Amino acid sequence: MTERTNVDPKSFWNAKILGWEDSRYGAAAPTLVERVAGGVSTSLRFRLEAAVTLLAPHLPGRRLVELGCGSGLLAERLMTLGAASYQGFDISDRAIARARQRLAAVPLADRMAFDVAAVGDLGPQGDALVFSLGLFDWLSSADIAHVFSIGRHGRYFHAVAELRRRSIEQLIHRAYVHFSYGRRTGYAPRYHSMAEIDGLLEQAGRPPAQVYRHARMRFGIFVTDLDRAASR
Ligand SMILES: C[S@@+](CC[C@H](N)C(=O)[O-])C[C@H]1O[C@@H](n2cnc3c(N)ncnc32)[C@H](O)[C@@H]1O
């Protein structure tokens, strides 16, 4: 939960997530306001593909834990690329129900699991590769530190919206969020500086992150402790 709102994140995401996925990744046309927000869908699709490319060399034999997995859009692909197992967690039971329904009959389904959980309630994840896309924007600093802590015996890979105070794109994004739901709900995504992320890693006893940036992800970045050389 963010530090600034009384909105219940579970209700918020139950109301939003399925339509959000359809509009960002599916065939549904983006609304005018989304188009004005500047190619949000394009950059999110690129982020999804970039995550697969960067994760791919690290997958064989690895236990995967995805936090804020939505309906598990990456699960089957990552398993096909050699992961040993996939566990998805999301606060939204609607997202988890869709994931279970969609992936019940695919090959390797017996090594995939989806469960409803808020990250703050999760315990240690052992040696898993813990990853997330679009989750950190919605977490408090305490929750992010918790994510780094429960994964400290494994590896991590997380998408972050990087704070860029002078970015016009980010200003437009802030305005889009404010007028489409932030003003009404008080629940809005957060941007993080690398200094903040590294500070939260330090709280969890972990060294600073490696960072991956790409113009097509706009102000989206990946932070990771995976060896970048293996991804090239
Ligand atoms: C922006 S969506 C991203 C979904 C998916 N990872 C993707 O990139 O398509 C954020 C997801 O995080 C989940 N979420 C938000 N807060 C959460 C929390 N505290 N614990 C677990 N999941 C959470 C939401 O339900 C939603 O599915």
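Leu108 lies in the loop between helix 5 (93-103) and strand 3 (112-116); helices (H or I, at least four residues) and strands (E, at least two) are DSSP runs, numbered from the N terminus. The structure is a predicted model, in which local features need pLDDT of at least 70, side-chain atom pairs count only at pLDDT 80 or more, and totals for chains, interfaces and linings use all residues. Residues are numbered from 1 along each chain as its sequence is written.

Most residues other than glycine have a negative phi. Leu108, although not a glycine, has a positive phi of about 75°. Leu108 is partly exposed, with 15 other C-beta atoms within 10 Å. A residue is termed buried if 20 or more other C-beta atoms lie within 10 Å of its own, exposed if 12 or fewer, and partly exposed in between, with C-beta atoms placed from the backbone. Arg218, which is not a glycine either, takes a positive phi of about 55°. Arg218 is found in the loop between strand 6 (210-213) and strand 7 (220-224), and counts as buried, with 23 C-beta neighbours inside 10 Å.

Strands of a sheet pair through backbone hydrogen bonds, either parallel or antiparallel. In this model, seven strands form an open sheet in the order 3-2-1-4-5-7-6, with mixed pairing; two strands pair if DSSP finds at least two bridges between them. Strand 3 and strand 6 are the edge strands, each pairing on one side only. From one strand to the next, the twist averages 20°, where axes are lines fitted to C-alpha atoms, for helices over the stretch in contact, and angles run from 0 to 180 degrees between N-to-C directions. Strand 1 (residues 63-67) pairs with strand 4 (residues 129-132) in the parallel sense over three bridges. The bridge partner of Glu66 in strand 4 is Phe131.

Helix 7 (residues 168-185) has 18 residues and reaches 24 Å from its first C-alpha to its last, close to the 26 Å expected at 1.5 Å a residue; the expected span is 1.5 Å times one less than the number of residues. A kink of about 60° in helix 7 is centred on His178, the bend at a residue being the angle between axes fitted to the seven residues ending there and the seven starting there. Just after helix 7, Gly186 takes a positive phi of about 75°.

The ligand is surrounded by 19 residues, of which the closest are Trp13, Gly68, Gly70, Leu133 and Gly134; a residue is near a molecule if its C-beta atom, placed from the backbone, lies within 6 Å of it. Helix 1 (residues 9-25) contributes the largest share of this shell, three residues.
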